[in-house]
Amino acid sequence: MKKQENKIYTQEHYQEMYNLSITDPNKFWGEAGKRLSWIKPYTKVKDTSFDLEDLHIKWFEDGTLNACYNAVDRHIEDGHGDNIAIIWESNFVNEENDESYKITYNELKKNVCRFANTLKDLGVRRGDIVTIYMPMVPETVYAMLACARIGAIHSVVFSGFSAESLSKRIVDTNSKIIITTDGSYRGDKVIDLKSIVDKALEMTPVTNKVLVCGRTNKPMSWNGERDIWYNSIAKYMSDECEIEEMHAEDPLFILYTSGSTGTPKGIMHTTGGYLVYASMTHEYAFDYKEGDIFWCTADIGWITGHSYLVYGPLTNGATTLIFEGVPNYPCCSRVWNICDKYGVNILYTAPTLLRILKKEGDFFVTNTSRSSLRVLGSVGEPMQADLWQWYNDVVGNNRCDIIDTWWQTEGGGIMISPLAGFKQSKAGSVSFPFFGINPYIVDNDGKPAPNGTEGNLVIKDSWPGQARTVYKNLERFKNGYFSTFKNFFFSGDGAYTDQDGYIHITGRVDDIINVSGHRVSTAGVEFALNSNPNVAESAVVGFPHEIKGTGLGAFVVMKSIDSITDFKATKNELKSWVRKKNGPTEVPDVIYIVEDLPKTRSGKIIRRILRKLAEDPKSELGDLSTLSNQDSIHKIIDILAQ
Ligand code: PRX
């Protein structure tokens, strides 16, 4: 890592830096950009406009670089090749014969180069899009960095997605090559990933190659014309591979996230700005220090995995820990045992995981040491004050920095968060904006909301980590983020500022629901339910859930309710249907089979009422006079009462 020229020493220094990042972004980011190694240094820093007529976002535009070189090679050239880049912790605990292992930067480079040469051998070229459908194994990182090395664009699809969801993403990118494994382990489950890819490709009209890496070594179906066993070619490949010189604004990756229409959006990030931002936030938000062991528990298939398992820490020459398994296998101390096993200093996780572990009782935490922990981060969903306190008191023994970080796929890296080491944390709050982030909280007319009043969270100006577009759909990018509030980026979240100036996130204000930190589009789940031949229509809403934060409640109208003899079985069939269509994260927690949905006279479903009922059937429902079918409500209340 370029040594920490910008290191903060005092609160005043921090304030000065933040002010500069807002008042003179060219100067601030011009300096910050030097943390990367550029092939051709940039002379231009910022060229951005949020004006709908002239929307453009370009950072470090005339500079050239390679992301893989920054994440791997330069640390070796700096003499740190023997430092550990990746610690891989297997799903299984076996003290005598532990299959977990560590990978140095020297080894990482060889593995990545071999992977890159394999991709080249299969015909992958600069600008091609490669789909990666992989579990939490080091090969996933090799595959991503191999793409970056040769200038290909990766599209990592979360391995919990169904065959149909995977197929949609392959079709959207027209990706000709899919990288996967024979299977994966998650706790006591073995997941046959290859068969999901096979099913996805049955629905996908493009010709594909499937590169299969080994993990479970269980028997699998094989299509000799299409499938390639990674080891069978990689063993012939050189462990050296030239880097491709990329422009700062060349795409680095596409990552799909839920959109309000239900069709996933391919959020596109480019090379220079993203990498500067991922690396800088990793260092400053977490107060990363050389030699720290950094563990981000997010899956690599989400943006948190991209920025804080791979690009942020590796660009900073850090040691990043990848855990294959689940937090409560083989027991609920697993996370804390891993912290002790490797001396983890910085842990970055999500409220859902904390809620699961908190529920099991403090003993599973307190019977471990956790003495190496210094910074405890959280991301993905609101962390209520009591959970924050538990994280601080029980996990952190009251001596760690707690940082609740707010950001999103579109942001590339942490956008609002306390900076560890600066005593900026407050229970229930995400505190203050990161450098370069200028947030406003506005009412629906775009006027600033007074302190204490909830409003829409918008950002005034561009930051380097910002997504550049929705893949092949600039219109959707414009409409989704820049058309609601003129000249602002709209996050889709609600927030308020308290009397001390701390920002609190209140949750999504659109029809996205945050389930266990996963963005789920209600429209997408409804689309899946409505495609079942027995379903007439449906409405999906969120309700408070003890573990997931928000659960999914589906109100479903069947075409013929009278023919149902076993309601439980029908509901289970519908759940399996959604699982097959959208994957396990989008399966409703509760399904209510109802006769009718509450609607306005013009036929629009009133979700507001369903939301209240799902939360509490005894809720005060307010004025129902606009309903065309008031009777539907009473029947729904009866069903909920059962
Ligand atoms: O609603 C916010 C919530 O997660 C959304 C972004 O989801 P995604 O793009 O999948 O990225 C997740 C990880 C960066 C946001 O719009 N969210 C994220 N962090 C927080 C949060 N809500 C409350 N507090 C947070 N710290």
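**View 1. What covers the buried residues of helix 12 in this predicted model.** Helix 12 itself spans residues 351-359, and the residues buried within it are Pro-351, Thr-352, Leu-353, Leu-354, Arg-355 and Leu-357.

**View 2. The backbone just after helix 12.** Here the residue to look for is Gly-361, which follows just after helix 12 and adopts a positive phi of about 110°.

**View 3. The shell of residues around the ligand.** The ligand is surrounded by 18 residues, of which the closest are Thr-405, Thr-409, Asp-493, Arg-508 and Arg-519. At least two residues of the shell are supplied by each of helix 10 (303-315), strand 20 (401-405) and strand 25 (503-508).

**View 4. Atom pairs between the protein and the ligand.** A backbone N or O atom of Gly-380 is placed 3.1 Å from a nitrogen atom of the ligand, and a backbone N or O atom of Glu-381 lies 3.3 Å from a nitrogen atom of the ligand. Asn-514 takes part through its side chain, with a polar atom there lying 3.3 Å from an oxygen atom of the ligand. Of the 540 Å² that the ligand exposes when taken alone, the protein buries 96%.

Definitions and conventions: Residues numbered from 1 in each chain as written. Predicted model: local features only at pLDDT ≥ 70, side-chain atom pairs only at ≥ 80, totals over all residues. Heavy atoms only, no water. Buried < 20%, exposed > 50% of the residue type's maximum accessible area, 1.4 Å probe, protein only. Helix = DSSP H or I, 4+ residues; strand = E, 2+ residues; numbered from the N terminus. Contact = heavy atoms within 4.5 Å. Near = heavy atom within 4 Å. Polar contact = N/O pair within 3.5 Å; in protein donor to acceptor, adjacent residues only side chain to side chain. Areas by Shrake-Rupley, 256 points an atom, 1.4 Å probe, with all protein chains shown as cover.
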